[in-house]
Structure formats: structure tokens, C-alpha cells
Amino acid sequence: MQIPSKYDASQVESKWYDYWVKHNYFHSEPDEREPYTIVIPPPNVTGILHMGHMLNNTIQDVLIRRARLQGKNACWVPGTDHASIATEAKVVAKLKEKGINKNDLSRDEFLKHAWDWTHEYGGVILEQLKKLGCSCDWDRTKFTMDDDMSEAVIKVFVDLFNKGLIYRGYRMVNWDPEAQTTLSDEEVIHEERQGLLYYLSYKIEGSNDTLTIATTRPETIFGDTAICINPNDERFKQLKGKKAIVPICNRVIPIIEDEYVDMEFGTGCLKVTPAHDENDKNLGDKHNLEVIDIFNDNGSLNSFGLHYEGKDRFVVRKEIQKELQEKGHLVKTENYINKVGTSERTKAVIEPRLSDQWFLKMEDLVKPAIKAVLEDGDVKLFPKKFENTYRHWMENIRDWNISRQLLWGQQIPAYYYGDGKDDFVVAETKEESLQLAKQKSNNHDLTSSDLRQDTDALDTWFSSWLWPMSVFDGIRFPENEEINYYYPTNDLVTGPDILFFWVARMIIAGYEYRDEKPFQNVYLTGLVRDKQRRKMSKSLGNSPDALKLIEEFGADGVRVGLLLSSAAGNDLLFDEALCQQGKGFANKIWNAFRLIEGWEVADIEQPESSKIAIEWFEAKFQETLLTIEDHFSKYRISDALMETYKLIWNDFCSWFLEMIKPEYQKPIDKITYQAAITILENNLKVLHPFMPFLTEDIWQYISERTPEEALIVSKWPEFKKFDKDLISEFDFASEVISGIRNIRKEKNIAFKDAIQFSVINNENVTKTFDDVIIKLGNVESIDYTSEAVEGALTFRVKSNEYFIPMAGAIDIDAEIKKLTDELNYTEGFLKSVQKKLSNERFVAGAPEQVVASEKKKEADALAKIETIKASLISLK
């Protein structure tokens, strides 16, 4: 086969991806092998590939490809999440462009548009993952709204309801006015914002007296149903039992007493708005106050807002300030920083609101999940520091609001048959619900047309918390072959931002429905930031186009770039230069392969230098393999790549190939060539999980391979015993070779000219690598001597002193001057260091590492002076 002179990723990637898919390497079926399973964190069906996806899926692919090479039955299940709020918002926006209002459509009509949108755009991100090289089992692709997945969700809802864990409650909830749905507490982000504190004056009924309250939300006065004072507050004794008049709307409200009021905050008088604040609602319940909801679903004021009806709450806030001032009710305003809840999805400011919603009791459900992570270690979090976050959330958990006022999602399987609060039943099908309704109502004349299904949909997370089970149909058929084989899965790779939303809830569901953990290890990646540490976002314009990066640097280059900048749990500081480094690494390996392939092979004797080079690299490879294994076991994926990178770039390309390279226009012996190919193949195996395209391409060029012999399904190198001494002996020899090369460079001695070389072997170094030193240093021989060689330049490696006779090769006078200048400088430097060290105050007061650093400088300078003096003596 003709090997191209350059590696062209754009030509290679689609070729090998198609080849892998054609031969079904990604597909898994239960068999006798050990399973290794990963379920993808399903990206939103609305999504396109961004840097977070790139990092997360690269790590998953590294793990799955490595498991495949280790002979495990690797199964990576891909899929997408229906993302109820995000998707419905996009569909609504698209309909709006066509002049269609969502509210004018029936549920079925809207869902048809949503499904059309999903079929058109839903697979985009999965197709993009293929460009990255992701070896997912595409035959197993799941969508959280697939019929079987939805059936599992409904089954779980009914089961939890029947267990008494799901209930309907009229509660204060988080309302998103933009998406017009409730959110769970975990979907609300609390942000500090600069606002105003408004001091408002309320008249006391039947007198000219007033009281002043402080509020951040003057627009909510229309919902005030009481003023509350602390019974211990002497300032307001005269107000007890009286009534106040709410400005503008002139509603008369009672003045109540409760120790809940903080006498130090604001004025000590608190306006109570039970419909729009949870603490006010608690006060209202305690004192039997009226509840007045002043907002429409979209955050505008309703008829209780009088002349402000239909206006947005923030518009009203500005306008009402002016009206209050004109009517003499605004005493003053102050700058005030307070925490504002915002929607994680739409970024809208959350409105606390009383609403009938469905809740899941969490108190008992979380107990096995707390035990699994924090006590038994059945589920391990990497990095471990996230256990504290997990503990905080789980030990402070509240009931989960699982209903959403949306159409896109699994519709809640509750059916109403009457007007009473409890006139409903919960069942998997309408047929079952009819039978239950007849029994519960004792009305056997009921028909299915008398039943009305709850219009709410379930929270998206209520489907995705079942993901590791439902993808293997383990909810509908708990004893099927696949769930018993693949579950629990092995590794979950995701971001810490959904540690509670998704990870913790999957653990809860796993123990509730299979009495078992859903996965063994959770690897939490960091956030992708730019090199200025800013979070990547469209608004900042600092998030590169993922597909353009692949186009420019190749998928392998981007994968390496991402992993070189990533460390477990720490934010990833992404820099395109690292992708360039990855691309450069691919070119380096390609050129190394072409070098080997270009050698002529002959049946000649193997040089001793090549024999020892092979023994050394095999030992070095085994040492690196152990280190890589250790990094993988601790989920230090970036460190595992770095070890592989150094092995190939430094040890293989820079040293090994130089050690075995035949002389110019001469052949290489068969034994060495075959060993070099085997070594290259082993290198490709450990590199394959990180750079799948490049490695498969080189692998297939090395020799004709059957589909069964492809690199993707080859065998991970076996661990073997290795000689550690050989590695340390080479490390010493490499310093000797570098010393020779430095002198050649400094003295402009051509490499083609062989030189004499002597050593005083104080370190008792073995002669194992002498042939390698002779070859790579181009020295005639190594002369072991006990005396310094006169007329020679010297260098040291530890206590060994090496000599290169220089007579006739250089200008002796110029060399003496250069060495004398260097000696004078070094002696001056030594004096300054010793002056510091003789200063008792410095030694006593400086940090230990600073003193140690100065002592090392002193020792290095003394050794250098000794070497320079020896060189000068030999030249004179």
C-alpha cells in the first residue's frame, strides 16, 4: 500500500468510522464476557455539540474503547432527553414565527408539531458525536419519549402513588412566568442582584397616624392581607388590634402580632402577602388570612392589580414607584442587594406562587442513596470532594415537585371523574382508571368520556432518573436478560452541575426499583472555561464551534487538546493551541511510522545497541503501562494521556528510533525491524482510546488485516515483569549522551566526526548502554580511566567525570577565555548565595523551601566551578 507523505485527518476519519460501523464493532449483546457498560448523559434533543459535550463524550469514548481492548463486552448506550421546558419553548417560538399561538391548539395538535420538530432536529447532536469518534452502540439509541420509555415512567408514577409516596398538594411553588410552569427547588438558581428597598407609608384606619414598611417588591401591595408586628416591639404597642389601609387599592387589612417578625430588619413592620411569599403563606395559615393571587401565568398583573392589569410585574414596579410618590406613600428608597431566584432554563425571575401540584415524598427514598455513597462506598464519586455537596443536598432534601404545566412530556396518569378535591384515580391506562373510578365513586354508570386526564406533564428529570434501567427495559420487565447482564453499569461521566438533578436521583431510583446501585463510579468533569477562566458561552463569544475545531485539527487533535487541558473535577482551561499540539502529536507519530516503513530490511546480524534498546523500551513500556493503569483506576484520564504522550514522543520517537536507526543508506536487521513493529503496535494499542482514527489508520497500513484483526478489537497489552534497573541505567546513559551532544553543539564538532571519549567511573555504572552511547554520541570507544585526561573538555553526570580530548579541534585560547569568564561569573554568583546563607536572620526567618533552594544553588555552583577548573587545567 502507498503510504501518504502526510497524515490527512479529513480523509481518514469518515473512512474508519464507516468501517467500524459496517463491521458492527460498537454493538453489544449479552454473552459470556464481562460486561462494561456506560449510559450516555442524554443531551437535550434540542442540543448541538458544544465544548462540554466534547469533553464529556471524549472521556466516555476513551473508557469504552479501552474496555473493548481489554476484552470486555463494551456497551455504550446513546440517546437524547426530551427536555420538556427547553423543547417546548423552541416549538412555541417556531409556531409563533408561523403566526400560530400555542393556546389556540389542542394538546394533540401541539404534540404533532413537537414531534415534527424532534424528528427534524432531534438527531443532530448524535450525528455530531460520530464526528468526534464516539463508539456508541447506535442500535441501542434511546429517546426519553420513546413509547417503551414513557410506559416505564408512567408505571413508576403509578407504583409510587400506590405506595403513598406521590401526593397532590396545594403548596407554594417556584413559578417560571416565561415557561409558565412550576420548577423544583433544584432548578432555581439564586443570584445576588442590586435592587431597591422601598419604604412605604400605610394609613391607620380611623386616624391620621401611619406606619411604614420596607419591601423590595412594591408591586405586590395589591396582594397584602395583613401587617405584622412583633408583640415584643415596644415601638408599635399603639398599633395592636388596629387596622391599616393598603395604598392605592385602599383595602383595609388587620394588624397582627407574631414573633416571626425580625425587629431589626427594615422598620419592624412587615407587610404580609400570603399568595407570593412562602414565609408570608405560613403566617397567613397561622392567622387565617385571606390569600389574594395578583399575577397571571406570564407574570403580568391580573384584575387585582386594578389599572395595572395586563402589565408585566417589572414594568409595574417602576410605574408604581412614581404613583406611590405622587400620592405621598413613598417615604424613601435605599440601594439593597438581595438574592433573587431565577429559572435554570429560561433565566426568568421566579415568582413564588400557590398552586395545586404533584409531589414525591423524598425523606425515606433518599436513605439507601445516602448510605451507598457516604457510608458503604458502593457508589464512588471522583473527585471525592463532591461527597460533601452530595451530603448537603441529600440531607436537606425536600419533597420533589414533579408536575409541570407543559404539554411536551409524559402526561400525568391521574383521571378526574368528579368536582371534589379527591375525585380522581391514578392508573397506567384509561381502561384501568375507569374501573378504579367506578369502585371509588361507587358509580357503575361512569364511562370513559366522564374521565378527564390531568393536563400536567411530568418533570423531565422524572423520566431521566430511570435512564440506566429504562434503556435496558428494566422497569417494564425487571428480570429480562439485558437488565440482568448490563446492570449495574460501570462508569458514569457527567458534570457536577447535575450531581443532584440527575446523578443522585438515579441512585435513589436504582435502590427503589432494583435494590441496587445504578453504576459503580461517577467521574465528574469540570466546566470548560477559556484561558482567561471565563465560562464559555454564546453571549461572550468565547465558545468555539466544535465541528470547526474538528475540521481544523482533526478529531484526534481535538480529543488530545481537550484532555491535555482537563483534570478531574477541576475546570478545564481550554486553549486552541492544545488542539494544535494534538495535531502536531498525530503528525509526529505518522512521521515515525513512515521512518520505520522506509527502512530496507536485510538478514544481517543484530547490533548490540539495538538489542539493548529493545530490552530497555520493553521495560519502559511496562513501567508506563502500570502508571497508566493507576491513573485510569483513579479516573485521572488526562494524566493517563500525558504518560502515553511522553512514552511515544520522548521514549519511542526521540530515543528508541534513534537507537535502532540504521546508518545512512544501510539496511536494518530483521530481528530489530520486527521488534520495532511490535513495539509500534503496542504503542498504538495504548494510544487508541485517545486517538482512535490515527491509530487505526497506521495499524491497517502496517499489514493487511482481516476485520477480526482491526485495532479497535485487538488486545490491550499484557502486564509483564520488567527490569527497573535497566530503566534507571538508561536514564543515566541518556544524560551522558546529552552531555556529548551539548559539547558537540557548543564546539561545532560535526556529528559525522567520531571523537575519543573517556570516563572516571566513580558511580560504578554498568557498561550495559555503552554501545548505545557509542552510537548516539558517535564516539570511537569508551575508555575507562582512573586519571583525568589532559587537554580535554569535561562534563559530569552525578560523580562520574567524562572527557572529550579537544586538541586540534578548537581554538584553545578562545576556549580558555570563555571558560575563565564562565568561572568568574559562577564564583561571583556563589559568593552572593553564600552571603545569604551566612546571614543568620535570613536562615532563621525564611521559609524552609527557600533556604533549601539557596543551599541547592550553592551545591550546583560548587560542582560547576570544579568542572570548569578541571577543563581549564586540561587545556593549559
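Which residues have the most contacts inside the largest nonpolar core? Some notes on that and a few other things follow.

1. **What we're looking at.** This is a predicted model, in which local features need pLDDT of at least 70 and side-chain atom pairs count only at pLDDT 80 or more, while totals for chains, interfaces and linings use all residues. Residues are numbered from 1 along each chain as its sequence is written, and side-chain values use heavy atoms, with hydrogens and water left out.

2. **The main core.** To take the opening question: L360, F462 and F656 have the most contacts inside the largest nonpolar core, which has 200 residues. Helix α19 (residues 637-660) gives this core its largest share, 13 residues. A nonpolar core here is a set of buried Ala, Val, Leu, Ile, Met, Phe, Trp, Tyr and Cys residues joined through side-chain atoms within 4.5 Å. Buried means under 20% relative accessible area, exposed means over 50%, and partly exposed is in between (1.4 Å probe, protein chains only). Helices (H or I, at least four residues) and strands (E, at least two) are DSSP runs, numbered from the N terminus.

3. **Around F462, and a second core.** Leaving out neighbours within four places in sequence, F462 is in contact (heavy atoms within 4.5 Å) with V153, V156, F157, L160, I166, L360, W400 and I402. There's also a second, separate core of 28 residues, and I204, I229, V246 and V316 are among its members. As background, nonpolar side chains tend to be buried together in soluble globular proteins.

4. **Overall shape.** The protein chain has a radius of gyration of 37 Å, whereas a compact globule of 876 residues would be near 29 Å. That radius is taken over C-alpha atoms, and the globule rule is 2.2 Å times the number of residues to the power 0.38. Along the principal axes, the C-alpha atoms fill a box of roughly 115 × 70 × 50 Å. The secondary structure comes to 26 helices and 31 strands.

5. **Burial and surface.** Of the 876 residues in the protein chain, 54% count as buried. The chain exposes about 40700 Å², with carbon and sulfur atoms supplying 47% of it; accessible areas come from the Shrake-Rupley method with a 1.4 Å probe, and for residues only the protein chains shown count as cover. Among contacts with a separation of 6 or more, 77% are between residues 24 or more positions apart.

6. The whole structure has 61 salt bridges, each defined as a side-chain nitrogen of Lys or Arg within 4 Å of a carboxyl oxygen of Asp or Glu. One to look at is D224 with K271, where the closest N and O atoms are 2.6 Å apart. D224 is in the loop between β8 (210-215) and β9 (226-229) and K271 is in strand β12 (residues 269-272), so the pair ties together parts that are 47 residues apart in sequence. Both D224 and K271 are buried.

7. K817 counts as exposed at 55% relative accessibility, while D821 is partly exposed at 41%. A network of salt bridges with shared partners joins R217, E219, R313, R317 and E351.

8. **Strand β31.** Is β31 (residues 800-805) enclosed or open? It's largely enclosed by the rest of the structure, because 5 of its 6 residues are buried. Strand β30 (residues 792-797) pairs with β31 in the antiparallel sense over 6 bridges, and strand β28 (residues 755-760) runs antiparallel to β31 with 3 bridges; pairing takes at least two DSSP bridges between the strands.

9. **E600.** This residue is in the loop between α17 (576-597) and β26 (601-602), and it counts as exposed at 54% relative accessibility. Not counting residues up to four places away in sequence, E600 touches P667 and I668.
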